[in-house]
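Here's a quick briefing to read alongside the model. Have the viewer open and follow along.

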Amino acid sequence: MFNLKTLQKNKTARYGIPMLLLVVGGSFGLREFAQIRYDAQKIRRKLDPSLEAKVNSQKQSGVLEEEYEKLKDLNLDNWKNIRGPRPWEDSRSYQEQQRSELSNKD
């Protein structure tokens with residue numbers, strides 16, 4: 001049969017088999033740890049029954065209609081395009097300059 005000395009001298013048995021066991025065993029171990037992570041996220045995502053009652057599709061459509069009514073009342077034809085300050089510019093002084101230019105034009 002096999003001698004212990006021949007197995008110790010064989011590089012495949014000495015280095016390959018432990019490496020193969022480490023890779024395959026590590027894969028199974030990582031799968032278990034990842035599953036724990038996803039289970040914990042699933043538990044955290046569950047809503048309380050009181051919050052779940054507040055969130056329903058009929059109420060969401062009502063909120064959307066309210067927002068539409070607000071936008072209908074706004075005058076979207078008269079607006080001015082104002083450039084925002086660059087990172088190297090002082091934002092307060094630039095905004096004051098823009099406001100003064102707009103007030104002078106009107």
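What follows is a short tour, from the overall fold down to single side chains.

This is a predicted model, so local features need pLDDT of at least 70 and side-chain atom pairs count only at pLDDT 80 or more, while totals for chains, interfaces and linings use all residues. Residues are numbered from 1 along each chain as its sequence is written, and side-chain values use heavy atoms, with hydrogens and water left out.

**Overall picture**

- The chain has five helices and zero strands, where helices (H or I, at least four residues) and strands (E, at least two) are DSSP runs numbered from the N terminus.
- Going along the sequence, you get α-α-α-α-α.

- At the start of α2, a side-chain oxygen of Asn 10 comes to within 3.2 Å of the backbone nitrogen of Thr 12.
- Met 19, Leu 20, Leu 22, Val 23, Val 24 and Phe 28 make a nonpolar surface patch of about 610 Å². Patches are built from residues with over 30% relative accessible area and no salt bridge, joining like charges within 9 Å and nonpolar side chains (Val, Leu, Ile, Met, Phe, Trp, Tyr) within 5 Å.
- Val 23, one of the patch residues, lies in helix α2 (residues 11-45) and is partly exposed at 48% relative accessible area.

**Salt bridges**

- There are three salt bridges, each needing a side-chain nitrogen of Lys or Arg within 4 Å of a carboxyl oxygen of Asp or Glu.
- Glu 32 pairs with Arg 31 at 3.5 Å, N to O; Glu 32 is partly exposed at 45% relative accessibility, and Arg 31 is partly exposed at 49%.
- Lys 70 bridges to Glu 67, with the closest N and O atoms 3.5 Å apart. These two sit three residues apart in helix α4 (residues 57-73), so about one helical turn separates them. Lys 70 counts as exposed at 52%, while Glu 67 is partly exposed at 39%.
- Glu 69 bridges to Lys 72, with the closest N and O atoms 3.7 Å apart. Glu 69 and Lys 72 are also three residues apart in helix α4, so about one helical turn separates them. Glu 69 is partly exposed at 40%, and Lys 72 is partly exposed at 49%.

**A buried glutamine**

- Gln 98 lies in helix α5 (residues 91-105) and is buried, with a relative accessible area of 16%.
- Which residues does Gln 98 contact, leaving aside its neighbours within four places in sequence? Those are Ile 82 and Arg 83, with contact meaning heavy atoms within 4.5 Å.

Key: Areas by Shrake-Rupley, 256 points an atom, 1.4 Å probe, with all protein chains shown as cover. Buried < 20%, exposed > 50% of the residue type's maximum accessible area, 1.4 Å probe, protein only. Polar contact = N/O pair within 3.5 Å; in protein donor to acceptor, adjacent residues only side chain to side chain.
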